[in-house]
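Me: I'm about to look at a structure I've never seen before. Could you walk me through it with some questions and answers?

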Amino acid sequence: MSKISYKNGLIEAVVFCFYKDGKILLEDRGKGFDVEALFPNGKIEIKDKFNNEYVLNALHREVSEEFNKQISIKKEKYLGQIEVAEINVLFYLFLIIEWEGDFPSVIKEKGKLDSRVSFFTIDEAKALFKHDNLFIMIDLIQKNIWLVQLVLDQFKQSMLLLKWAKNNF
């Protein structure tokens, strides 16, 4: 029996886009960013299906595995699913806007080339992308980054207003 989860004949996988200070995290799968730049991702496994939140379970497990238990997600936003028929995968896309830990400079996975990870602006990422599905993902991310930034800005303004009120009344 396969340990990989399938839905409607497609392999299920999670994509995690870390966003901070106007930049997103990409990995090169050991080929160099100019050859292959991707969002970090991983397959959903049967062991993730211990409750109805199996996609989130897989997200947290994959992030922990991918980054050698150095990163812990504190806040994520589900953006949607993208079917990539050419590789028989159904991706669940997440925007990670808050986390703890520092990213390793290299990701080591048994039997695979060492991957480098680095943050890029959205325009830099678009210039590196070679696959159509990555452009679909980046469009979803851009739409949601705007909303996340708006909420964060409003929160910061509220905190400044509260601080001002506390000091002046």
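Me: How far apart do the centres of the positive and negative side chains lie in the protein chain?

Reply: First, a heads-up: this is a predicted model, where local features need pLDDT of at least 70, side-chain atom pairs count only at pLDDT 80 or more, and totals for chains, interfaces and linings use all residues. Residues are numbered from 1 along each chain as its sequence is written, and side-chain values use heavy atoms, with hydrogens and water left out. The protein chain carries 24 positive and 25 negative side chains, counting Lys and Arg as positive and Asp and Glu as negative, without His or the chain ends. With each charge placed at NZ of Lys, CZ of Arg, CG of Asp or CD of Glu, the two centres are apart by 4 Å.

Me: Where is confidence lowest in the protein chain?

Reply: pLDDT is the predictor's confidence in each residue, from 0 to 100, and its mean over the protein chain is 91. Strand E2 (residues 10-20) has the highest mean, 97. At the other end, with a mean of 83, is helix H3 (residues 132-168).

Me: What pattern does the protein chain follow along the sequence?

Reply: Helices (H or I, at least four residues) and strands (E, at least two) are DSSP runs, numbered from the N terminus. There are three helices and eight strands here. Read in order, they give β-β-β-β-α-β-β-β-β-α-α.

Me: Is glutamate 45 buried or exposed?

Reply: Glutamate 45 sits in the loop between strand E4 (41-43) and helix H1 (54-66). Leaving out residues up to four places away in sequence, Glutamate 45 touches Lys3, Ile4, Ser5 and Arg61, where contact means heavy atoms within 4.5 Å. Buried means under 20% relative accessible area, exposed over 50%, and partly exposed in between (1.4 Å probe, protein chains only). Glutamate 45 has a relative accessible area of 10%, so this residue is buried.

Me: Which residues touch the most other members of the largest nonpolar core?

Reply: A nonpolar core is a set of buried Ala, Val, Leu, Ile, Met, Phe, Trp, Tyr and Cys residues joined through side-chain atoms within 4.5 Å. The largest one has 29 residues, and the elements giving two or more of them include E2, strand E3 (23-27) and H3.

Me: Which residues does methionine 137 touch?

Reply: Not counting residues up to four places away in sequence, its contacts are Val15, Phe39, Ile82, Phe91 and Leu93.
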